[in-house]
Number of protein chains: 2
Amino acid sequence: MGSKRSAKDQLIETASRLFRLRGYHGVGLKEIIEESGTAKGSLYHYFPEGKEQLAIAAIEHTKNFVSDKVQEDLAEAADPINAIQGHIQKLAQEFNKDSVFGLPIGTIAGETYLTNEPIRAACQSVFDEWQRLYEEKLLSSGYSEKQSADYALVLIALIEGGIILSIASKSGEALSRIASQIPLLIKK
Amino acid sequence: MGSKRSAKDQLIETASRLFRLRGYHGVGLKEIIEESGTAKGSLYHYFPEGKEQLAIAAIEHTKNFVSDKVQEDLAEAADPINAIQGHIQKLAQEFNKDSVFGLPIGTIAGETYLTNEPIRAACQSVFDEWQRLYEEKLLSSGYSEKQSADYALVLIALIEGGIILSIASKSGEALSRIASQIPLLIKK
DNA sequence: TCCGAATTATAACGACCGGTCTACTTATAT
DNA sequence: ATATAAGTAGACCGGTCGTTATAATTCGGA
C-alpha cells in the first residue's frame with residue numbers, strides 16, 4: 001500500500017517537525033507541502049478538514065515520537081534519578097549540536113488554548129501521556145503513588161520549561177544545569 | 001503631553017496582552033489597533049519598523065509587568081520558600097478565576113527563536129532578568145551563590161513549564177501542585 | 001484489459017496579512 | 001495668529017493565507 005512512506009505520513013512528519021520549530025500560525029500549508037514533497041491535493045485528500053486536522057495528527061505524531069525516546073532513555077538505568085538525569089542531559093546535548101527539535105508542544109498550546117479547543121485538548125492529552133511515563137518509572141522504583149504523580153508533574157514542567165530557556169538562549173546549558181540538579185530535586 | 005495613556009502606551013499594553021494570549025503570529029496588527037482604540041497611522045508613527053518593533057516593546061512591557069509582580073510576591077515573606085510558594089499559588093489562583101494572562105514569553109520564544117533574532121534576544125533577556133530576581137532573594141536568605149543561581153534557573157523552568165501545563169489543561173491545578181512541592185525541591 | 005476508485009496536480013478564490021502613502025486634525029511655540 | 005511639527009485616520013497595495021474545484025494520473029481488482 002504505497003511506498004514505504006506514504007504522502008500522508010510525509011505530511012504528518014513534516015508538519016510535526018515544522019510546528020515544533022515555529023508553532024501553528026508560524027507555518028503555512030505551502031511550506032508543509034513543499035518540504036514533504038507532496039501536493040495540496042493530497043493534503044486535502046487525507047485531511048479534508050484542513051490545517052487543524054493535520055495539526056492534530058502532527059501533535060499525535062510528536063507525542064509518540066517523544067514517548068518512544070523517553071521510554072528508551074528511562075530504560076537505560078534502573079535508578080530513576082540516573083535515568084531521568086541522563087534523559088535531560090541527552091536533550092541538552094542534542095541542543096548543542098543544533099539538531100533542532102524545538103519546543104515540542106508548548107508553543108502550539110500557547111498559541112491555541114483560547115481559540116482552538118480541539119488542538120488544546122490534543123495538547124493536554126500529550127502532556128498526560130508523558131507524565132504517565134515518568135510516573136510509572138517512579139512507581140516501579142518504589143516511590144509512593146502520590147510522590148510518583150507529583151514528581152512526574154514537576155519533571156514535565158521542568159523539562160518543558162528547560163527547553164524554553166534553552167531555545168531562548170540558543171544553548172543546551174539551561175537543560176544541562178537542570179539535569180545536574182535532578183538528584184537534589186527528586187528524593188524518595 | 002497626551003491623555004493619561006498615550007496611543008503608544010495603549011499599543012504596547014494591548015500588544016503585550018494579545019501576544020501573551022495567542023503568540024506572535026496568532027495576532028494581527030488589525031486586532032491590536034482595534035482593541036487599543038488607536039489607528040494604523042499611530043502604530044507606524046511610533047513603531048516605524050512595524051510589528052517586530054512593537055513586539056519587542058511589548059516583550060519589554062511584559063518583562064516589567066511580571067517583574068513587578070514577582071518582586072511584590074517575594075517581599076511578602078522573609079523565608080524564600082514560603083515567598084516562592086506563595087507566588088506560584090497566586091498564579092494558580094489567577095488561573096482558576098480565568099483572568100487569563102497566558103504564557104508570558106515562552107510562546108513567542110518558541111515561534112521565533114529560529115527565524116527572528118531580535119525577538120529571540122529580547123526573550124532571552126527577559127528570562128535573565130526574572131532569574132535574577134529569584135537569585136537575589138535566595139542570596140539574601142543565605143543560600144550560596146551557586147545554589148542561588150541554580151535554584152533560580154530551576155524555578156523559572158518550573159514556573160514557565162507549570163504555566164504551559166495549566167493552560168493546556170485549562171486549570172490552575174498543575175501550578176498549584178507544583179507550588180505545594182516547592183519546599184521539597186528548594187532546600188538550603 | 002478495462003473500469004472505477006484512489007490519489008495527485010494545479011489553477012483559482014476570497015479573505016486577510018503587514019506595510020505604505022497621503023490627507024486631515026491637533027498640539028506647540030513664537 | 002500663524003507656522004511648523006506631531007499625531008491620527010483610513011484607503012490602498014502586493015503578497016500570502018487556507019480552502020475549494022476540477023482535471024489528470026495512478027492504482028487495484030475482476
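Tutor: The count between chain A and chain B is four salt bridges. Keep in mind that this is a predicted model.

Student: What makes the pair Glu117(B) and Lys170(A) a salt bridge?

Tutor: A salt bridge needs a side-chain nitrogen of Lys or Arg within 4 Å of a carboxyl oxygen of Asp or Glu. Between the side chains of Lys170(A) and Glu117(B), N to O is 3.4 Å. That value is within the cut-off, so the pair is called a salt bridge.

Student: Which elements of chain A supply the side that touches chain B?

Tutor: Helices H1 (7–22), H6 (106–112), H7 (117–139), H8 (145–169) and H9 (173–185) of chain A each give two or more residues. H8(A) has the largest share, 16 residues. By type, this side of chain A divides into 22 nonpolar, 12 polar and eight charged residues.

Student: How is the size of such an interface expressed?

Tutor: It is often given as the accessible area lost when the parts come together. For chain A and chain B, the buried area is about 4000 Å², and carbon and sulfur atoms give 69% of it. The contact takes 42 residues from chain A and 42 residues from chain B.

Student: Glu117(B) also pairs with Arg120(B). How far apart are these two in helix H7 of chain B?

Tutor: Arg120(B) and Glu117(B) are three residues apart, which means about one helical turn. Their side chains meet in a salt bridge at 2.2 Å, N to O.

Student: Is Arg120(B) buried or exposed, and how do you know?

Tutor: Buried means under 20% relative accessible area. Arg120(B) has 6%, so it is buried. Glu117(B) has 39%, which lies between 20% and 50%, so Glu117(B) is called partly exposed.

Student: What makes Asn116(B) count as buried?

Tutor: Its relative accessibility is 12%. That is under 20%, so Asn116(B) counts as buried. Asn116(B) lies in the loop between helix H6 (106–112) and helix H7 (117–139) of chain B. A polar atom of the Asn116(B) side chain lies 3.2 Å from the backbone nitrogen of Ile119(B).

Student: Why is it said that Asp73(A) and Lys90(A) tie parts of the chain together?

Tutor: Asp73(A) lies in helix H4 (residues 51–74) of chain A and Lys90(A) lies in helix H5 of chain A, so their pairing ties together parts 17 residues apart in sequence. The closest N and O atoms of this salt bridge are 3.2 Å apart.

Student: Which accessibility labels do Asp73(A) and Lys90(A) get?

Tutor: Asp73(A) has a relative accessible area of 3%, under the 20% limit, so it is buried. Lys90(A) has 27%, between the limits of 20% and 50%, so it counts as partly exposed.

Student: Now the DNA. What makes the pairing of Lys40(B) with DNA strand C a polar contact?

Tutor: A polar contact needs a pair of N or O atoms within 3.5 Å. An N or O atom in the side chain of Lys40(B) is 2.4 Å from a base oxygen of DNA strand C, so the pair qualifies.

Key: Residues are numbered from 1 along each chain as its sequence is written. Chains are lettered from A and ligands numbered from 1 in the order in which they are written. This is a predicted model: local features need pLDDT of at least 70, side-chain atom pairs count only at pLDDT 80 or more; totals for chains, interfaces and linings use all residues. Side-chain values use heavy atoms; hydrogens and water are left out. Contact means heavy atoms within 4.5 Å. Buried area is the accessible area (1.4 Å probe) that two parts lose on being put together, summed over both. Helices (H or I, at least four residues) and strands (E, at least two) are DSSP runs, numbered from the N terminus. Ala, Val, Leu, Ile, Met, Phe, Trp, Tyr, Cys and Pro count as nonpolar, Asp, Glu, Lys and Arg as charged, and the others, Gly among them, as polar. A polar contact is a pair of N or O atoms within 3.5 Å; within protein, one must be able to donate a hydrogen and the other to accept it, and residues adjacent in sequence count only if both atoms are side-chain atoms. Buried means under 20% relative accessible area, exposed over 50%, partly exposed in between (1.4 Å probe, protein chains only).
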